[in-house]
Amino acid sequence: MNIFRLAGDMMHLLSIVVLLLKIHTTKSCAGISLKTQELYALVFTTRYMDIFTSYISHYNTVMKLVFLASSFSILWYMRAHKVVRQTYNRDQDTFRHYLLVLGALALALLLHHKFTVREVLWTFSLYLEAVAILPQLVLLQRTQNIDNLTGNYVFFLGTYRGLYLLNWIYRYLTEHHYLRWITWISGLVQTALYADFFYYYIRSWKKNEKLQLPS
């Protein structure tokens, strides 16, 4: 494992910690898209179905369990917690995320490395993760109410993907026959979706202003 991969994993983990911290301490999920969280839970579930059948390393297994447990914990907070669920922006979180699921599934059935159940589900998770942030970004544009923890959550999530791009470049330059076109293209699409958010996040940080996205 290289430093870019490790840093990316830690940034991904940090984004989840920040989100759980926001929800647990403030007892509020205002500004957080349940649609995006449902998509991420589906991403991790389909990607890590091999958790009990394939062992890569202790680190790999622990990270899989952490991402699965944290994703479903967030869903529980937003759907079942008697206080938190009342703060959910239901009227504004209306992105038709099922279209993203259907699109990712169709694409995975058409474009995959090998036509097996595990491989198709893995590819589906890559395509879905690439666009899973869309409901969250749309919600932030609609609400115009972006607190520091929510902004940091999205920023850390985007940074994780950017570090993974560096990880792929490093592996391509140092490993023979390292080609992962589906992974690379999905990652590029996902990173590109954060570009606008990154611009306004950094601008607000430099000017010490409240983060706002154009509607």
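Arg47 is buried, and Glu129 is buried too, where buried means under 20% relative accessible area, exposed over 50%, and partly exposed in between (1.4 Å probe, protein chains only). Helices here are DSSP runs (H or I, at least four residues), numbered from the N terminus.

A word on the model: it is predicted, so local features need pLDDT of at least 70 and side-chain atom pairs count only at pLDDT 80 or more, while totals for chains, interfaces and linings use all residues. Residues are numbered from 1 along each chain as its sequence is written, and side-chain values use heavy atoms, with hydrogens and water left out.

Seven salt bridges are present in the structure, each a side-chain nitrogen of Lys or Arg within 4 Å of a carboxyl oxygen of Asp or Glu. Three of these pairs are listed here.

| Salt bridge | N to O distance |
|---|---|
| Arg47 and Glu129 | 2.8 Å |
| Arg5 and Asp9 | 3.2 Å |
| Asp50 and Lys64 | 3.2 Å |

Arg47 and Glu129 also belong to a network of salt bridges that takes in Arg161.

Let's turn to the other two pairs. Arg5 and Asp9 lie four residues apart in helix α1 (residues 3-26), so about one helical turn separates them. Arg5 is partly exposed at 24% relative accessibility, whereas Asp9 is buried at 5%.

Asp50 sits in the loop between α2 and α3 (58-80), and Lys64, 14 residues away, is in helix α3. Asp50 is buried at 13% relative accessibility, and Lys64 is buried with a relative accessible area of 7%.

How values were computed:
Helices (H or I, at least four residues) and strands (E, at least two) are DSSP runs, numbered from the N terminus.
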